[in-house]
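Work through the exercises below with the model open. Try each task before reading its solution.

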Amino acid sequence: MVPQNGMSMSEPKGPVSLLQPVEHDADLPETADLVVIGGGIAGVMCAWFAARAGQRVVLCEKGRIAGEQSSRNWGWIRAQGRDPAELPMVMEALRHWRDLAAETNEDLGLRQSGTAYLVRNEADERSYAEWLPHARAHGLDTRMLSAAELGAMMPGAVEGQWRGALWTASDMCAEPWLAVPALARAARRAGVAIREGCAVRRLDTVDGRVAGVVTEAGAIRADRVVLTGGAWSSLFLRAHGVDIPQLSVRATVVRTAALPQVFPGQAADDRLAFRRRADGGYSLAASAQHDFMLGPDALRHMGKFWPVVKDDVLSTGLRPAAPRDYPDGWRTARDWQADERTPFERQRVLNPEPSARHARGAVRRFGAAFPGLGPIRVETSWAGMIDSMPDVVPVIDEVPTMPGLIVLTGLSGHGFGIGPGAGRVAADLAMGRDPGMDLSRFRISRFWDGTPLKPGLHL
């Protein structure tokens, strides 16, 4: 299959960027039933489900579809280790992923790969055992592997470095830079008008209710808007008087050339994460290591994030400032008029420089874990900005002070896998339907009503 702009469908080697030509350039209608802001996987799937339900949907993306974290993640689609409140949604997403592979009629790189959380010490064993009852309650096939069972799965691993693993055989993976653009093409075929390179500058409101949006290419009247802006969501909301404690961290990924197979799925411990790709290479990351860039919002919200930061402080590299025009940059505008150029137009795609130190560390640890591999050739590396909430679960809710505005953001590094489920839920909220699951943990008012912002049990 060849997209309408004539781009080759040969497999890309990494994330979507502004170097790729615009594929979606739909004319903007004067009116719509629903406008979706943001072309990551959550926004694309929200738009797809709403269009399939007969809604007239417009999706506006300031840069490129999947240009940010939706094509920069590890490609894991997992139920294992998720917050118990998320499990119904992610298990629904797993079912959608299988259906979407047929719907797109394209290669998403989707396969059942299994997820292994590797046990290095007794603390790992205790935390994994604590999560197992939630897996059983939801009918997951998760179980603990012994050292011998894991050794049979990873015959090239150094003996004794892992005592076993938490294993979910039904978990899946896909190639993000293939999957999300393919899903966007399916959404377009379902009737969604998609416009890349088109930032939404502001909401239009009447008597406090959403009445539409003002984009850089003109206004659209709509009484329902879904914000799926990823790392940009809090900046957009704050310009409309809605303040949420959302911050972002930089995470680095390495792509290796083809290597002998040491494990066919995806695995991680507290130092290393790796996934076998369909092309025979591995995607590697330094697991929990990331970089946090200080800015005005980081200082304002640090108290709310402290419960998460204090347990992970040694793996977080602090940077004094974000690059120019990043969402929490020191000089990034926090307010603007609808006829002004906005931060979303100044920074079309967040494309942070990867951490050379974290990349080297991931390659070194992978080689040490599997010494029989020999030299590991790195083809490329990249980084992405992972947006997160202090309790490590997203916001999926209508803003009570602005009826008609539904927010889906803060997916905290889990967005790729859960995207189809979260998108379906957001579409139902936008259409006034019962989403069919308990969303109380994801309500936006938890940041204002005195609810303790503590992470739930997640791995």
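**Exercise 1. What volume does the largest cavity have?**

Two ground rules come first. The model is predicted: local features need pLDDT of at least 70, side-chain atom pairs count only at pLDDT 80 or more, and totals for chains, interfaces and linings use all residues. Residues are numbered from 1 along each chain as its sequence is written, and side-chain values use heavy atoms, with hydrogens and water left out.

Step 1. A cavity is a set of points, on a 1 Å grid over the protein atoms alone, where a 1.4 Å probe fits but cannot get out; lining residues have an atom within 4 Å of a point. Points are joined across faces, edges and corners, and a volume is the space filled by probe spheres set on them.

Step 2. Read the value. The largest cavity has a volume of about 570 Å³.

Step 3. Find its centre. Of 39 lining residues, G40, T228, G229, G230 and A231 are the closest to it.

Step 4. Assign elements (DSSP runs numbered from the N terminus; helices are H or I, at least four residues, strands E, at least two). Two or more lining residues come from each of α1 (41-52), β20 (378-388), β22 (405-409) and α10 (415-430). The largest share, three residues, is from α1.

**Exercise 2. Which residues lie nearest the centre of the second largest cavity?**

Step 1. This cavity has a volume of about 160 Å³.

Step 2. Its lining has 14 residues, and L247, S248, P327, D328 and M385 lie nearest the centre.

Step 3. At least two lining residues each are supplied by α6 (233-238), β14 (247-256) and β18 (290-293).

**Exercise 3. In what order do the six strands of the open sheet run?**

Step 1. The order is β9-β2-β1-β13-β22-β21, with mixed pairing. Strands pair if DSSP finds at least two bridges between them.

Step 2. Look at the edges. β9 (193-195) and β21 (395-398) each have a single partner strand, so one side of each lacks a neighbour in the sheet.

Step 3. Take one pair. β1 (residues 34-37) and β2 (residues 57-60) are parallel, over four bridges. L34 stands opposite V57 in β2.

**Exercise 4. Where is D449 found?**

Step 1. D449 is in the segment after α10.

Step 2. D449 and L34 are 415 residues apart in sequence and 29 Å apart in space, C-alpha to C-alpha.

Technical notes
On a 1 Å grid over the protein atoms alone, a cavity is a set of points where a 1.4 Å probe fits but cannot get out, and a pocket is an open set with protein on both sides within 12 Å along at least five of seven lines; lining residues have an atom within 4 Å of a point.
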